[in-house]
Amino acid sequence: MSEEKRLKSVPENWSHRLVLSAVPKDGEPFEENFSLSADAPIDYWAQLYKLIKPLDVDVEASRVNGRLLVQIKIATEAETLCSRCLEPARVAINGELRYLYSLRPDEHTDEENEYGQDGEAGLILLDSWEDEIDLSGPIWEVLITSLPSRALCSENCRGLCPQCGANLNKVTCGCKTDDADPRFDVLRSAMKNERND
């Protein structure tokens with residue numbers, strides 16, 4: 001049986017370019033909104049995230065002192081496994097990052113100009129002949145950095161029984177509940193012996 005397709009990098013159908021001539025030279029922002037879809041679950045840190053809504057992307061670009069500041073915001077909803085009970089869980093995903101591009105071919109990246117004034121956007125040099133920027137990589141980066149490391153099907157999820165594996169949201173098992181961590185048995189035994197001496 002073949003393994004299900006999983007996305008570990010930018011999907012092939014994500015092709016969106018920002019045309020530099022569309023960004024006004026007077027500093028006014030250029031804005032655009034569009035949606036993207038993923039045809040397979042995203043595999044990130046051994047966790048699968050299936051987009052159940054299109055990825056809504058908002059791009060705002062403006063020229064500042066020979067540089068181009070591009071702000072990318074994303075919003076979507078995904079399904080993954082609950083960290084406690086392993087049942088499907090829906091999570092809202094929202095993210096935002098800024099990218100700073102140099103439009104000056106003679107600019108060099110050094111300690112002084114590597115970051116913008118806010119210190120968040122790394123400077124990316126564009127070749128002088130480039131008239132558009134491929135945004136698929138940055139959009140993927142915003143999405144990946146916005147994925148939660150863990151998700152819950154509900155705030156009150158009771159998880160799985162550590163002894164029999166039953167889903168405690170659905171059944172009540174008869175397992176003995178011992179909250180003591182067995183890794184501390186040696187310490188508990190030493191403390192008990194000390195009290196008896």
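Me: What should I know about the model before I start?
Reply: The model is predicted, so local features need pLDDT of at least 70 and side-chain atom pairs count only at pLDDT 80 or more, while totals for chains, interfaces and linings use all residues. Residues are numbered from 1 along each chain as its sequence is written, and side-chain values use heavy atoms, with hydrogens and water left out.

Me: How many aromatic pairs does a search of the whole structure find?
Reply: A pair of aromatic rings is described by the distance of the centres and the angle of the planes. Rings of Phe, Tyr and Trp (its six-membered ring) pair if their centres lie within 6.5 Å, and planes under 30 degrees apart count as stacked, over 60 as edge-to-face and the rest as tilted. The search finds two such pairs. The centres of Trp14 and Trp140 are 5.9 Å apart with planes at 65°, so this pair is edge-to-face; Trp14 lies in the segment before strand 1 (17-19) and Trp140 in helix 1 (residues 136-146), 126 residues apart. Helices (H or I, at least four residues) and strands (E, at least two) are DSSP runs, numbered from the N terminus.

Me: Is Trp14 buried or exposed?
Reply: Buried means under 20% relative accessible area, exposed over 50%, and partly exposed in between (1.4 Å probe, protein chains only). Trp14, at 4%, counts as buried.

Me: Which strand does strand 5 join through nine bridges?
Reply: Two strands pair if DSSP finds at least two bridges between them. Strand 5 (residues 55-64) runs antiparallel to strand 6, and Val59 stands opposite Ile72 in strand 6.
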